[in-house]
Amino acid sequence: MKRAHFTLGAVMILAFAANGASAESWKRIKTKEAFVAAMEGKVFEWGGTGTARLSSDGTTSGKLPDASAYSGNCVWNYQRYCRNIKLANGSETGTDCARVDAAGNKIRIKFKSRESILTAK
């Protein structure tokens, strides 16, 4: 019985150490240039089936998790990513600004009311 507790304890410690080692270290993106460098030419996935693309001219496009298309424009304002999206039905979301962080092949976009993590394909 003591051996089983020791083995289980060792497995738990190893699992915890592995999770800690793989923790992502997010770094804030503060400029348009850094954002474009992190995203341009890549397709990012989010929300299971959504995709996002960004061009250096500030245009963005992709599809939402419900498979409907979107397009829009983005600008940088006070170290924040601000974008206005036009949905497939013609409606616009209005300008919404967010903090952006990067870690490896992931981009985290944090709006006031929600957060999205995009992963490069």
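## The largest pocket

The largest pocket is lined by 17 residues. Nearest its centre lie W46, Y70, R83, F111 and S116. This picture comes from a predicted model. The volume of the largest pocket is about 370 Å³.

Which elements build the lining? α2 (32-39), β6 (80-87) and β9 (115-120) each supply at least two residues of the lining of the largest pocket. β6 gives the most, with four residues. By type, the lining divides into 12 nonpolar residues, three polar and two charged.

## S116, a residue of the pocket

S116 is one of the residues nearest the centre of the largest pocket. S116 sits in strand β9. Is S116 buried or exposed? S116 has 19% relative accessibility, and buried means under 20%. S116 therefore counts as buried.

Now look at its contacts. Neighbours within four places in sequence are left aside here. S116 is then in contact with I107, R108 and I109.

## The overall chain

The protein chain has two helices and nine strands.

How much of the chain is buried? Of the 121 residues in the protein chain, buried residues make up 27%.

## Cysteines: one pair and one left out

A disulfide is a covalent bond between the sulfur atoms of two cysteines. The count here comes to one disulfide. C82 and C97 form a disulfide, with sulfur atoms 2.0 Å apart. The torsion about the S-S bond of C82 and C97 is about 110°, so the disulfide is right-handed. C82 lies in strand β6 and C97 in strand β7 (residues 96-103), so the pair ties together parts that are 15 residues apart in sequence.

The two partners can be checked for burial. C82 is buried, with a relative accessible area of 3%. C97 is partly exposed, at 28%. A disulfide needs sulfur atoms within 2.5 Å. C74 counts as buried, at 10% relative accessibility.

## The nonpolar core

The largest nonpolar core holds 21 residues. Which of them touch the most other members? They are I29, F35, V100, I107 and I109. α2, β3 (50-54), β5 (69-77), β6, β7, β8 (106-110) and β9 each supply at least two residues of this core. α2 gives the most, with four residues.

T51 is in strand β3. T51 is buried, with a relative accessible area of 8%. What does T51 touch, not counting residues up to four places away in sequence? The list is V43, F44, E45, W46, S61, G62, K63, Y70 and K121.

R114 is in the loop between β8 and β9. R114 counts as partly exposed, at 37% relative accessibility. Leaving aside neighbours within four places in sequence, R114 is in contact with R83, D96 and I109. R114 and A98 are 16 residues apart along the chain. Their C-alpha atoms are separated by 9.4 Å.

## Positive phi in two loops

Most residues other than glycine have a negative phi. Which residues go the other way here? One is A67, with a positive phi near 80°. A67 lies in the loop between β4 (59-63) and β5. A67 counts as exposed, at 54% relative accessibility.

Y78 also has a positive phi, near 50°. Y78 is found in the loop between β5 and β6. Y78 counts as exposed, at 75% relative accessibility.

Definitions and conventions. Residues are numbered from 1 along each chain as its sequence is written. This is a predicted model: local features need pLDDT of at least 70, side-chain atom pairs count only at pLDDT 80 or more; totals for chains, interfaces and linings use all residues. Side-chain values use heavy atoms; hydrogens and water are left out. On a 1 Å grid over the protein atoms alone, a cavity is a set of points where a 1.4 Å probe fits but cannot get out, and a pocket is an open set with protein on both sides within 12 Å along at least five of seven lines; lining residues have an atom within 4 Å of a point. Grid points are joined across faces, edges and corners, and a volume is the space filled by probe spheres set on the points. Ala, Val, Leu, Ile, Met, Phe, Trp, Tyr, Cys and Pro count as nonpolar, Asp, Glu, Lys and Arg as charged, and the others, Gly among them, as polar. Buried means under 20% relative accessible area, exposed over 50%, partly exposed in between (1.4 Å probe, protein chains only). Contact means heavy atoms within 4.5 Å. A nonpolar core is a set of buried Ala, Val, Leu, Ile, Met, Phe, Trp, Tyr and Cys residues joined through side-chain atoms within 4.5 Å.
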